[in-house]
Number of protein chains: 2
Amino acid sequence: VKDLELPPLDGVLASLGDYVAIPSDSRNADGGTMRRAADWIAGQLDFAGGRVEETGGHPVVRGEWLGAPGAPTVLVYGHYDVQPTGDESEWLSPPFQLTVVDGTADGAIARGRGASDDKGPVFLVVAMLQAAIAQRGGLPLNVKFLIEGEEEIGSPHLPGYVREHARELACDLVISADGAQWRPDEPSLSVASKGLVAFTITVEGARDDLHSGRYGGTVANPAQVLAAILASLHHPDGSVAVPGFYDGAAPPDAARRAELDAVPFDEERFAAQLGVTETYGEAGYSTLQRLWERPTLEVNGVAGGGRYTVIPHVARGFISCRLVGDQDPVRVLAAVRGHVERLGARGVRVTVEQDGGAVPAYRIDPAHPAIAAATEALRAVYPGEEVLLAVIAGTLPATTLFEQVLGAKTLFFSFSTADEKLHAPNEFLRLRRVHEGMRAWDALLASMADGPHRLQPVRLPDLAEAKA
Amino acid sequence: VKDLELPPLDGVLASLGDYVAIPSDSRNADGGTMRRAADWIAGQLDFAGGRVEETGGHPVVRGEWLGAPGAPTVLVYGHYDVQPTGDESEWLSPPFQLTVVDGTADGAIARGRGASDDKGPVFLVVAMLQAAIAQRGGLPLNVKFLIEGEEEIGSPHLPGYVREHARELACDLVISADGAQWRPDEPSLSVASKGLVAFTITVEGARDDLHSGRYGGTVANPAQVLAAILASLHHPDGSVAVPGFYDGAAPPDAARRAELDAVPFDEERFAAQLGVTETYGEAGYSTLQRLWERPTLEVNGVAGGGRYTVIPHVARGFISCRLVGDQDPVRVLAAVRGHVERLGARGVRVTVEQDGGAVPAYRIDPAHPAIAAATEALRAVYPGEEVLLAVIAGTLPATTLFEQVLGAKTLFFSFSTADEKLHAPNEFLRLRRVHEGMRAWDALLASMADGPHRLQPVRLPDLAEAKA
């Protein structure tokens, strides 16, 4: 196979600029705008029969190039929707106008909503594949595409769509062009993501808000009971105090601890970047160990009453737990419920209600051939650098969906970087990632097609079971 | 002095209906509407030179009948502004259309915003005085009027106005037609109101909200720190845990405890009316003792983050303390600050900021001649019933203002009742209170003018000092 001649950066950025110009904010844009973005990326998939399909919500973009019979099949996943812009006055250039800036602290960048999450990382794969087919007449393995339009709003229609089209989407591996390199300093591969269970604790007292003078001291105060409950969820040492919470969350072994300890990680710089005076968390673990290997229980918000003199009749705490290993999100929620019940608050009603889905932690075996292939591909692009096995401390429900319905593991292979202001004003993509990413994807597919890291066939699970 | 022939109820209600029809909601109404309400009640004060005066905010209504030289002078205080209606769909009749309903569980009532707070209680005094002058040619003592239009929004312009006009407002006693009888079951006089100091505890962490996955477990969570701080403010037995909080709050003595224990008070009915399963508060005191005699610290609200997976960068708790006896609101706030500082939360910034004014508790000596006169007046109207010495557990900053600037104590003498849905939809006034109130005010003024309960002269404090 001859070396790929990479498409010139100017042309890639011009096309990406057209794509970014379509404000496909899935939370706020109208159906026509979302459809234009879907049509645009489907149009780039001409070589794979690119098309737009209905889902009941924002449509998905599908396509498949199946010209390598007998070779493995990968499903490239990504999304064409973007986050809202946030406060537009904070943007240094218009959010939907891709703007190249040279010589920033991050090198040359292209700024715009979706540049890094996820229009840029998807488009660089597509542009690479276009070039590969043009120059070589084909690809080394079969490639299917599933590019959704609702990732930023929790993919509400994706599970139904994937179940309905499981046979068409069957593959040996999902490769996600969504995700991110952990840091710009070294190449990394994510081998795990955390699970998630979120819930609301509601404390209800009197029928209505009561005047804090005319009724002060007579009835239990829901805001105070809520505070006591929330305070009881952690020990003073930062560990979670809910009995049973840690079941299934085995501490990292000595080897993994040593691995993480070897990762260059500047605590002070990390804290300064976030604007805090020091890091904080579960005692007995380093910051990186906590972030990657330990489950967390974070209070996401509190609400009730206000800055007026009442005893609020209701107060709510919003909580999410990120899970690791074999923690069962359903049992975690039950453990919290039991803990709250045992506190036995008087004179109020306390309920614990789940919010959204319960997602277990996800993990791809570091010994999976996809990791070996990806490591080799990254080494080819970043010679002499160690490839870090990282963890996405966030939660990616699609990984569990693909495993359950398609029987396929998901490899994260994105050339976004986690610090590129994803979801914030002034999102950007490092320009160097465009060609780095193309070369890495080219190497990855070649490595997965044949040789020691060739993908093993995956059997589609029984659909009846998958639909259960 | 011949007995007063009370004005017929129909006529009083017709006039009050005109007054209620002016939607003088001081938070939302335009200046013209507020002025119409001021003009209306000023027009009723023709016998006292009623007029409207500017304050910089909503105007005040002033007037004075000074035809009893040598007799004491009282200043009648009230307000012509009303609370917002709240959800109009909850009203059983239009809020600004006074609607008479017979045979309710509360007897015959007049429903409408302001009927009980404070248009009705003020107007019944005015209508009684009109009748007295018409029938008797004069009053037994001098009466001044100060009816403000900003009571429901914290009287922001009242202190300045009263200081500017202290000489004109000089009196031997303020009688407030605002306030309320504690219950419909027995006559009561309030001899104290609680002090108030309110503050916001702000906990700030990172510069921005952080993704609860990508940063979970790495930094202190402001919502969790806030919960720990708020939980630390009370002991498990319901008492306040802030060292120094109770300084100056002497527990009620055995006599006062016995007095309160003798008040018929149905705990279960009280709880059921509020919609709670049980009452709750500081251990060692009955509900009524806590309400009337003990200071409280209530969390009025909590805010921060929301039902989305972040570590909020800021969380706030809104707190108000109601004070008794000699508690110093400034020292109470300092005690809370010290307590919070000693907790020493790590990785966050915690501030405690005062909200609004710091008002000490207010008290009128039960031996004050005004209390004796008022007791006698109530006994005349409610023969055979004990007059309960009650406490307004709310805070009335105007009382402290009048004492500081005019040197005069304030007697609460309102014929509103505390259960008449003040500030809520379907506010009402018991019709029987109209004539009861008129007879009581007539008896009160006579008793204060001459005889054993004649008011003692009050000296206007040095104005330079009062303005300091």
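Strand β11 (residues 296-305) of chain A pairs with β11(B) in the antiparallel sense over five bridges; strands here are DSSP runs (E, at least two residues), numbered from the N terminus, and two strands pair if DSSP finds at least two bridges between them. Within this pairing, Gly305(A) stands opposite Gly301(B) in β11(B). The model is a predicted one, in which local features need pLDDT of at least 70 and side-chain atom pairs count only at pLDDT 80 or more, while totals for chains, interfaces and linings use all residues. Residues are numbered from 1 along each chain as its sequence is written, chains are lettered from A and ligands numbered from 1 in the order in which they are written, and side-chain values use heavy atoms, with hydrogens and water left out.

In total, 67 residues of chain B are in contact with 68 residues of chain A, contact meaning heavy atoms within 4.5 Å. The size of an interface is often given as the accessible area lost when the parts come together. Between chain B and chain A about 5400 Å² is buried, 54% of it on carbon and sulfur atoms; this is the accessible area (1.4 Å probe) that the two parts lose on being put together, summed over both.

Polar interactions also cross this interface. There are 38 residue pairs in polar contact between chain B and chain A, both residues being at pLDDT 80 or more. A polar contact is a pair of N or O atoms within 3.5 Å; within protein, one must be able to donate a hydrogen and the other to accept it, and residues adjacent in sequence count only if both atoms are side-chain atoms. On the side of chain B that touches chain A, strand β11 (residues 296-305) of chain B supplies the largest share, 10 residues. By class, that side has 29 nonpolar, 27 polar and 11 charged residues, where Ala, Val, Leu, Ile, Met, Phe, Trp, Tyr, Cys and Pro count as nonpolar, Asp, Glu, Lys and Arg as charged, and the others, Gly among them, as polar.

Side chains of opposite charge can pair when their charged atoms come close. Four salt bridges are found across the interface of chain B and chain A, each a side-chain nitrogen of Lys or Arg within 4 Å of a carboxyl oxygen of Asp or Glu. Glu278(A) and Arg346(B) form a salt bridge through their side chains, at 3.2 Å from N to O.

How are the two chains related?

Within chain B, strand β4 (residues 99-104) and strand β5 (residues 107-111) pair in the antiparallel sense over four bridges, and a hairpin of two residues joins β4(B) to β5(B). Val100(B) stands opposite Ala110(B) in β5(B). Strand β5(B) also pairs with strand β18 (residues 428-430) of chain B, in the antiparallel sense over three bridges; there, Leu429(B) in β18(B) is the bridge partner of Ala110(B).
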